Amino acid sequence: MSERILTGIKPTGQLTLGNYIGVLRNLPKMTDRGECIFFIADLHALTLPIEPETLRQNSIDLASFYLAAGLDPKKVTLFLQSSVSEHAELNAIMQNYLYMGELSRMTQFKDKASKMNESAIGLGLFAYPVLMACDIILYDSDVIPVGEDQIQHVEITRDLVNRFNNRYGKVLNMPKYEIRKVGARIMSLSDPTVKMSKSDPKGDIFLKDDMKTVRKKIMSAVTDLGCEVKYDPENKPGISNLLTIYAAMKDISIEEAEKEFVGKRYGEFKTAVADAVIAELEPFQERYKQIVANKEYEAVLKEGAIKAKEMAHKTLVRVQEAVGLLKI
Ligand code: ATP
Ligand code: MG
C-alpha cells in the first residue's frame, strides 16, 4: 500500500519564506510518492487571538498558496480542518490520553505562552498537541513532513498511539515525521538566532511581499563579523541562514552553495541570494494572484472536505468502538 503523507499549516498570519522552504515547496514532489492529505489548520489558528475577517482571509490565502506551490488538485486531498467535524470529535476522546505533565513540556506552548499574559492563555493553546495528534491519526497517516519546530508534536502523537494501542489493541496507525535536509529551520533575517515565524513577524520575508521589498530585506539582512561566506551556525548565524536559503532555492547542498561563494564578498553573496529567491517567488506570486482572482480554491476545498470526511469517519468509528462508545 502506498504511504499516506499528511501535513497542515495554520492560517495564523502571512506565510513566510520559512513556511515555503520548510514545507510548501516540497509538497508537489510528494504527490508522486504517496497519497497526499494536506490541510489548512484553521481550528488551530484559533489558539491565538485572531480577528474573524483575518482568519477568513488567511485561509483563502493559504489554500491559494498550496495550489500556487504547484499542487495538482487531482492528486491531493486539500481541505479546511474545520470542514471535517471528525477532527473535533476525535479530539474529545483523545484529550483523555495525553497528560497535563507532558503537554506542559511542549516547547511551542512554552514559547507562545511566555509571550502572553497568563490570564489570556487559552486551554486550546495548551491542548494544541491533542488536536494535532487527531489530525494525524484520523487519516492513518504514515509520514508527516514538517519543519524542525513540529518534531516534538509528532513525537507526542507517537506516544499517544503507543499508549492507545497498548490499551485497546492495534487501533491506530503509527506515524513518523520527515524533515528536509536543508531548510527545516529558516531563521529571522533581523535576528538569525530566532525562527522566522508568521505569528511573531520579525525579519520575515512574506510570500506576499513585492520583489523590491524582498530584495531590500535580503540585502539588509543581519550578517556576521568577518567576511567569509561560510556555514557556521554558531559563529555566523546570519550568513549560515542565507546560505541555507540559497541552497534550498537552488536545490543544492550547503557545501555546494558554500563552494559557489569562496572568495566572494557579503554584498555579492546577498545579491545572489536575492536573485535566487526572486526567481522562484515571482512566478509563484503570479500563480497565487490568478488562483485568488478565479477562486480556484473553492471547488478544490469542497471536494477535499468530502474525501477527507470519508477517510476520517472510518477512523473515528473504529476509535469510538474501541473505547466502548455504544454505536446504535
Ligand atoms: P506560527 O508562528 O503561527 O506558529 P509558523 O510560521 O511557525 O507560524 P506553522 O503554521 O506553525 O507556521 O507551521 C507550518 C509549517 O511550516 C510547519 O511544518 C512548520 O514546521 C513549518 N515552519 C514554520 N516555520 C518555519 C521555518 N522558519 N523554517 C522552516 N519551516 C518552518
Ligand atoms: Mg509554528
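**D61**

I started with D61, which sits in helix 4, residues 52-68. This is a predicted model, so I keep that in mind for everything below. Is D61 buried or exposed? I looked up its relative accessibility and got 7%. The cut-off for buried is under 20%, so D61 counts as buried. Next I asked which residues D61 is in contact with, leaving aside neighbours within four places in sequence. I found K208 and Y288.

**F38**

I moved on to F38, which belongs to strand 2, residues 34-40. Its relative accessible area came out at 0%, so F38 is buried. I then checked F38 against I136, which lies 98 residues away along the chain. Their C-alpha atoms are separated by 11 Å.

**Helix 5**

Which residues of helix 5 are buried? Helix 5 runs over residues 86-94, and I noted E86, H87, L90, N91, I93 and M94 as buried. They cover an arc of only 160 degrees around the axis, so they sit on the same side of helix 5. What do these buried residues pack against? I got one strand, strand 3 (76-80), and then helix 9 (128-137), helix 10 (151-168) and helix 15 (296-323).

**Whole chain**

I zoomed out after that. I have 15 helices and five strands down for the chain. I looked up the radius of gyration and found 21 Å. For 328 residues a compact globule would have a value near 20 Å, which means the chain agrees with that expectation. Along the principal axes, the C-alpha atoms fill a box of roughly 70 × 45 × 40 Å.

How much of the chain counts as buried? I got 53% of the 328 residues. On contacts, I took those with a separation of 6 or more, and 76% of them are between residues 24 or more positions apart.

**Surface and charge**

For charges I have 44 positive and 45 negative side chains. I also checked where the two sets are centred, and their centres lie 0 Å apart.

Definitions and conventions: Residues numbered from 1 in each chain as written. Chains lettered and ligands numbered in written order. Predicted model: local features only at pLDDT ≥ 70, side-chain atom pairs only at ≥ 80, totals over all residues. Heavy atoms only, no water. Helix = DSSP H or I, 4+ residues; strand = E, 2+ residues; numbered from the N terminus. Rg over C-alpha atoms; globule rule 2.2 N^0.38 Å. Buried < 20%, exposed > 50% of the residue type's maximum accessible area, 1.4 Å probe, protein only. Contact = heavy atoms within 4.5 Å. Lys, Arg positive; Asp, Glu negative; His and termini not counted. Charge placed at Lys NZ, Arg CZ, Asp CG, Glu CD. Arc of directions from axis to C-beta.
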